[in-house]
Amino acid sequence: MKILLANPRGFCAGVNMAIECLERALDYFGSPVYVYHEIVHNKYVVDRFSKRGTVFVETLAEVPEGSPLLYSAHGVSPEIRQEAKGRRLLAIDATCPLVTKVHLEAIKYAREGYTIILIGHEGHDEVIGTMGEAPDQMVLVETAEDVEKLELPDPDKVAYLTQTTLSVDDANIVIAALRAKFPKIANPPKDDICYATQNRQEAVRELAARADVVLVLGSQNSSNSRRLAEIAHSMGIPSHLIDGVSEIQSSWFEGAETVLITAGASAPEDVVQECVDYLQNHCGATIEESFVREENVHFPLPRSLRELLDQGAAPVADRA
Ligand code: SF4
């Protein structure tokens, strides 16, 4: 058996930044550090940080006044920022800059009087945060059928934005439906679907054709990981989205000569390596790294955290 390892795979620049942010915040403040929602949508990452004294919350009421609070990579609405201010929380914004870009586009279009159609998945943390920028002027659609049902006050003053982690192919279908229904629809100059999502999807699209089975490392609530498994599935290749090696079933590999392994943007590389080890030990697999695209993207830590770290004080002791 041969393992094809997809490149790029795993952590993106936004996830790297958010994770480093939380590590540095834990070093600086000591525990507990609170995080609004999961820092990234990955079970392993969340479990590891929970063990180090991170408390993940779904409401700010769970955070004691004055405590350090990180916003996750998926971003938050202005309402949450306001609430955090009211509770005197030490907020550090670990939102991925590519999510912030979509927020800024929403603010701009809302100011200019557009109705904004957001293409995204209902209930996703990123979608909730983005919709919060202009709740009265934004509507959410997921499919071309949703577009058909849209009734908007001024069909000539409409813009669309997208969630950063959509399937490029699915988004294009919805965008085509929007353009057909609203010929004057405006859109941002650059794609909202981020580089990491596009590159990981491109790699799977290109490499899955050479595989009998595809393993995608990632959590069920990770949007970009789910899309990778769906692409392989749509090509007629059995695909399995798993958090880690413990979910592997040996029956998946019966008769398989080539297994493609990839990982969503929030899945750590060590969980990939555990799966590689499993296939080497149980199936005598050999490894081929397959490079579809280079990535050299890096995001700096948020300024609020850099300023705290530059001050060099150690409030860990102060808080004891
Ligand atoms: S998947 Fe894209 S938008 Fe999401 S954190 Fe990574 S780089 Fe940012």
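Predicted model: local features only at pLDDT ≥ 70, side-chain atom pairs only at ≥ 80, totals over all residues.
Local features were taken at pLDDT of at least 70 and side-chain atom pairs at pLDDT 80 or more, whereas totals for chains, interfaces and linings use all residues. Residues are numbered from 1 along each chain as its sequence is written, and side-chain values use heavy atoms, without hydrogens or water.

The sheet is open and has three strands in the order β7-β6-β8, with parallel pairing. Strands (E, at least two residues) and helices (H or I, at least four) are DSSP runs, numbered from the N terminus. Two strands count as paired if DSSP finds at least two bridges between them. β7 (138-141) and β8 (158-162) are the edge strands; each has a single partner strand, so one side of each lacks a neighbour in the sheet. Neighbouring strands are turned by 25° against each other on average, direction ignored. Axes here are lines fitted to C-alpha atoms, for helices over the stretch in contact; angles between N-to-C directions run from 0 to 180 degrees.

Strand β6 (residues 115-119) runs parallel to β7 and is joined to it by four bridges. I116 has M138 in β7 as its bridge partner. Helix α4 (residues 97-111) packs on the sheet and touches β6, β7 and β8, with contact meaning heavy atoms within 4.5 Å. The direction of α4 makes about 170° with that of β8. Helix α7 (residues 168-181) also packs on the sheet, touching β6, β7 and β8. Its direction makes about 155° with that of β6.

Grid points are joined across faces, edges and corners, and a volume is the space filled by probe spheres set on the points. One cavity of 30 Å³ or more was found. The largest cavity has a volume of about 290 Å³. Its lining has 25 residues, of which C12, V15, H74, T165 and N224 lie nearest the centre. Two or more lining residues come from each of α1 (13-29), α4, α8 (195-207) and α9 (223-234). α1 gives the most, with three residues.

UniProt, in an unreviewed entry, places a "binding site" feature at H41, H74, H124, S222, S223, N224 and S266. Such annotations may be inferred rather than shown by experiment. The lining of the largest cavity takes in H41, H74, H124, S222, S223, N224 and S266. S223 lies in helix α9.

Methods. 1 Å grid on protein atoms, 1.4 Å probe; cavity = no way out; pocket = protein on both sides within 12 Å on 5 of 7 lines; lining within 4 Å.
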